[in-house]
Amino acid sequence: IADRREGISVCGWILVSLSFLLVLITFPISIWACMKVIREYEQAVVFRLGRILSKKAKGAGVILILPCTDTFIKVDLRTVACKIPSQEILTKDAVTARVDGVVYYRIYSAVSAIANISDVHSATLLLAQTTLRNVLGTKSLAQLLAGREEIAHSVQAILNTATEQWGVKVARVEIKDVRIPVAMQRAMAAEAEAAQETRAKVVAAEGEMNASRALKQASMVLSESPAGLQLRYLQTLTTLAENNSTIVFPLPMNMLGSLGQKSRGG
């Protein structure tokens with residue numbers, strides 16, 4: 001609609017001329033009805049006899065319109081933050097989840113936003129809801145929880161393709177919250193706890209294996225040095241003596257050796 005170039009008919013030009021003549025006759029009182037102020041963040045789409053006056057919107061500043069034949073609509077060009085209502089979706093792995101988000105968009109073409117669609121804000125919100133449901137329906141629960149940024153970029157690309165003819169640019173899409181059933185939360189918590197216990201047992205087993213290897217190497221070193229074995233024995237006694245409730249009876253190492261020989265001989 002915004003690209004139509006048909007001119008005003010003869011009857012239309014007559015009405016415009018009469019309106020302009022009326023403004024001249026009632027000047028300067030009529031000037032207040034002709035002057036309109038457009039803010040810096042706005043643009044005005046002017047209609048003359050029902051047709052868009054030019055392909056480009058007017059603003060910002062002061063614009064002049066004919067009071068009898070011209071009408072105008074202001075369009076806000078600032079970025080709009082729109083909350084996507086909570087959507088209950090079924091993921092690819094048959095898990096029910098409730099997801100809500102936020103979409104940030106702005107109008108970059110006031111003429112397209114007025115001429116090509118009746119309510120650009122409502123249409124953008126409805127399209128964002130539908131697109132979010134369609135995209136999330138193709139993802140599993142794990143992808144939904146871990147790949148929010150990737151999903152948001154995918155939704156943003158789809159929205160930009162659809163809203164280009166409306167003069168709307170989607171700047172950002174964010175998934176605000178993902179809620180899953182309580183039973184599913186408990187199952188995921190139990191699964192995570194079991195995985196943590198499994199990893200703890202594996203780490204403990206690896207520690208025992210490393211400790212046994214170290215003890216084996218230590219025993220080989222001590223077997224080569226009887227004095228070193230004696231020093232290790234005394235160090236162990238010192239450690240045990242630190243506890244007051246423990247009574248330690250040290251025995252010479254040679255006595256322990258002789259006792260071992262007698263037990264083998266008997």
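**View 1. Ile 31 counts as partly exposed, because its relative accessibility is 23%.** Buried means under 20% relative accessible area, exposed over 50%, and partly exposed in between, using a 1.4 Å probe and protein chains only. Ile 31 sits in helix H2 (residues 31-34). Helices (H or I, at least four residues) and strands (E, at least two) are DSSP runs, numbered from the N terminus. Pro 67 is 36 residues away from Ile 31 in sequence, and their C-alpha atoms are 9.6 Å apart in space. This is a predicted model: local features need pLDDT of at least 70, side-chain atom pairs count only at pLDDT 80 or more, and totals for chains, interfaces and linings use all residues. Residues are numbered from 1 along each chain as its sequence is written, and side-chain values use heavy atoms, with hydrogens and water left out.

**View 2. Three strands form an open sheet in the order E6-E7-E8.** Their pairing is antiparallel. Two strands pair if DSSP finds at least two bridges between them. Strand E6 (80-90) and strand E8 (168-179) are the edges, each pairing on one side only. Neighbouring strands of this sheet are turned by 25° against each other on average, direction ignored. Nine bridges join E6 to strand E7 (residues 96-107). Cys 82 stands opposite Val 103 in E7.

**View 3. Helices H4 and H6 lie across strands of the sheet.** Helix H4 (residues 120-136) lies across E6, E7 and E8 and runs at about 35° to E6. Helix H6 (residues 148-163) lies across E7 and E8, at about 145° to E8. Axes are lines fitted to C-alpha atoms, for helices over the stretch in contact (heavy atoms within 4.5 Å). Angles run from 0 to 180 degrees between N-to-C directions.

**View 4. The structure holds one cavity of 30 Å³ or more.** A cavity is a set of points on a 1 Å grid over the protein atoms alone, where a 1.4 Å probe fits but cannot get out; lining residues have an atom within 4 Å of a point. Points are joined across faces, edges and corners, and a volume is the space filled by probe spheres set on them. The largest cavity has a volume of about 30 Å³. Its lining includes Ala 44, Ile 52 and Lys 58. Strand E2 (residues 42-48) gives the most to this lining, with three residues.

**View 5. The whole protein has nine helices and eight strands.** Of its 266 residues, 27% count as buried.

Notes. On a 1 Å grid over the protein atoms alone, a cavity is a set of points where a 1.4 Å probe fits but cannot get out, and a pocket is an open set with protein on both sides within 12 Å along at least five of seven lines; lining residues have an atom within 4 Å of a point.
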